[in-house]
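Here are my notes on this one, for when you have the model open. Skim the points in any order.

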Amino acid sequence: RGEDEIAAVAALVAELGARRSGTRPRHLLVLSARTEAALRRLAELQPANVQAHANLATVLRRLDRPAEAEPHLRRLAELQPDDPQPYFDLGAVLQGLGRIEEAMAACETGLALAPDHAGLRGELAKLLAETSVGLHRKGRHPEAAAIMNRVLALCPDNAEYNRWELFGLLFRDDLDPIKVAARHRDWGRHFAAGIRPRSRHANLPDPERRLRVGYLSSEFVDRSVAHFIGPVMTAHDRTAVEIFVYAGVAHPDVVTERFVALADHWCDVGNLDEQALAARIERDGIDLLVDLQGLTSRTFLGRLARRPAPVQLTWIAYAGTMGLPTMDWRFADAIVDPPGSEALYSERLWRLPGCFLCYGPMGELPETAPPPVRRNGFVTFGSFNFTAKLGDRTVALWARVLRAVPESRLLLKALRAAEPEILADLKARFATHGIAAERIAALPYAATSFEHLACYGEVDIALDSAPYNGTTTTCQALIMGVPVVTLRGDRHVARVGASLLTAA
């Protein structure tokens, strides 16, 4: 209504803003609501007031009303066409609203104004990475890789994004495995370049004392790694081996309790930083440190690069080389890594007789069920592999199987396989090969391992994925009495099934 009201409202905004810094958190909501009313009136009185729109957008985001903040951020962009900040905030708001494409467009517009804006680069990289992971989860690896290349162009030194990119390479059968290994080595050297590894250790090579073996992982829970390392730890000769477990377990469960009992020394290292954990391992005098994580998580990479133990081995979790110069060995066998495979690893291969893995369930098993074909009248093929393993080659191969066996069905089960978007995408991909949507089904996530294993009673024959084979799923199918068909490939990820079935 005039300059007097504008001045009064502006004064109220200033007063509330000053009080905000000393206000307890429980009062912030009321304060923000009062501030909102004042700011709205100020924006009405002065539509070109930059601070009014900026502060109102901030308040609305604090009140968890991003949709209402959006028009004020867009107005800010109009009022300050050369300022990248409104586009940064708009990108975050649109991401929260699930409008990923629009969020990326906002970030790209902001970057066109300020190419070196670290926040915009990081926000766009995060959005692109999430998109890439989503495509990767659907088995669309070439599309995911193209987007991940853009991510790395924005944030070339981000360890997490590099790790995702390397992991994604393992799913690609259109890439030369030598080049995939070289990319791992290049990144491993780059990652470790700024870390000085320990060159001398105090361990005495006395064959008369117990060997100190340390196991390092965040997976000492009811997940895949546990079912392969549990039998090994159980079988250790305690007169010859002293077991140290370095566990970064965020949510312990009943399987964690079993590992605590198996360890001579249980060390919860979740809150230790890289230097503190490395110092702890050195202080414990570990002779052989066994990494059970690989590049499936960045949790321990910095610790391993510091070489806290004189001999370091990676095993079980990661189906490719880690590329770190400080990793010495990797367990293998003559089938999964036949002679000549040495060129694919920065680690040396120690080939075990028989299979490189030993599986044993860490809990109670359901009763095996009769083949469901007896009650259904048709064959049910199944795969409980992670949906990322269902790439174009696997879909085409399984479609040939379904066409060759009239009336057969395919049953999928994975963490997100039953989600409508992912299942619809899979059905559409099978449809391009002439397989009707009703022949593809998915089971929802099972809350316990017992319930998960019982689902194998719905499968007659398990089909292995290619080129990235199943591991835990193959062992689970076999232990539940379900035969598995695999296709031997030309690299480790494509030969795990052959190794397991040969041993079986």
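1. How many bridges join strand 5 to strand 6, and do they run parallel or antiparallel? There are 2, and the strands run parallel; Leu313 has Trp329 in strand 6 as its bridge partner. Strands here are DSSP runs of E, at least two residues, and helices are runs of H or I, at least four, numbered from the N terminus. Two strands pair if DSSP finds at least two bridges between them.

2. Before going on: this is a predicted model, with local features needing pLDDT of at least 70 and side-chain atom pairs counted only at pLDDT 80 or more, while totals for chains, interfaces and linings use all residues. Numbering starts from 1 along each chain as its sequence is written, and side-chain values use heavy atoms, leaving out hydrogens and water.

3. Now helix 3 (residues 50-62): its 13 residues reach 19 Å from first C-alpha to last, close to the 18 Å expected at 1.5 Å a residue (that is, 1.5 Å times one less than the number of residues). Its buried residues (under 20% relative accessible area, 1.4 Å probe, protein chains only) are Ala52, His53, Leu56, Ala57, Val59 and Leu60. They fall within an arc of 165° seen down the axis, so they line one face of the helix; the arc is taken from axis-to-C-beta directions.

4. Just after helix 3, Asp64 takes a positive phi of about 60°.

Note on methods
Buried < 20%, exposed > 50% of the residue type's maximum accessible area, 1.4 Å probe, protein only.
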